[in-house]
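Me: I am new to this protein and would like to understand the words used for it. Could you take me through them?

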Amino acid sequence: MATQGAPNAQIDAPVRGRPESLLEPGDRLSRDEFERRYERMPHVKKAELIEGIVYMPSPARFGKHAEPHSQLAAWLAVYASETPGVRCGDNSTVRLDLDNEPQPDLVLMKLPDRGGQARISEDDYIEGAPELTVEIVGSSRGYDLHQKKGAYRRNGVREYLVWITDENRVIWWELREGDYREIAPAADGLLKSGVFPGLWLEAAALLRGEMKTVLAVLRRGLDSSEHAQFLSK
């Protein structure tokens, strides 16, 4: 792999007589070249291009990632199932801009006819910024809370929810005046989306693994007047 700043380095072009390059963490690539290399590596389940640099996360642990991931996926899937014009996805590649192609753990997006700002391309990728992205991370030092968060903010992802499993906390940001501001609990102690009416979360129950309570709170949101009003538009 060519090192940054090496004279006459040709990052994107394969050298005649050598095997075609595949993805390596730390590579600096264009988005098109990133996709070409990723498509040649079907054994790789997750790779991301963030600010032009390739990231390839470690294998996912069960308690630190897989189980929390499934719990938040269930929460979003129930919401989408009762909210026409809204779709959710798991580990879908997102073409944010020419230097950023993340693969969020989860996304929730409005369809264009519901005012959504992203679309599904002809080759079945998300193009543009979904309204909500979700990541499960082990530590607040991870790139999800720094480089990736900056890319989401700059491209207009309206809400960003992160579950930091090593620290046992959930942070939900909303984009206001060009910056991410943490959503404060409502008077009833719940976190509530400003983009998706009725998407309510009791973070404390989620952190305790009480999914029955999490889904019961979501049911209250789905039965609320704000969700009914959203559906009537």
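Predicted model: local features only at pLDDT ≥ 70, side-chain atom pairs only at ≥ 80, totals over all residues.

Me: What makes a stretch count as a helix or a strand?

Reply: Helices (H or I, at least four residues) and strands (E, at least two) are DSSP runs, numbered from the N terminus. For this protein that gives six helices and 13 strands.

Me: How do you know that the radius of gyration agrees with a compact globule?

Reply: The radius is taken over C-alpha atoms, and the globule rule is 2.2 Å times the number of residues to the power 0.38. For 233 residues the rule gives a value near 17 Å; the protein has 19 Å, so the two agree. The C-alpha trace spans about 65 × 40 × 35 Å along its principal axes.

Me: Why is D105 called buried?

Reply: Buried means under 20% relative accessible area, exposed over 50%, and partly exposed in between (1.4 Å probe, protein chains only). D105 has a relative accessible area of 2%, so the name buried applies. K46, at 18%, therefore counts as buried too. Across the protein, 46% of the 233 residues are buried.

Me: And why is E210 called partly exposed?

Reply: Its relative accessible area is 32%, so E210 falls in the partly exposed class.

Me: What makes D105 and K46 a salt bridge?

Reply: A salt bridge needs a side-chain nitrogen of Lys or Arg within 4 Å of a carboxyl oxygen of Asp or Glu. The side chains of D105 and K46 meet at 3.0 Å, N to O. This pair links distant parts of the chain, 59 residues apart: D105 is in the loop between β4 (94-95) and β5 (106-110), and K46 in the loop between α1 and β1 (48-50).

Me: Which other salt bridges can I look for?

Reply: E33 and R37 form one at 2.8 Å, N to O. Both lie in helix α1 (residues 31-39), four residues apart, about one turn of the helix, and both are buried. R208 and E210 form another, at 2.9 Å. E35, R95, R119, D123 and E127 are linked in a network of salt bridges.

Me: How many salt bridges are there by this rule?

Reply: The count comes to 23.

Technical notes. Residues numbered from 1 in each chain as written. Heavy atoms only, no water.
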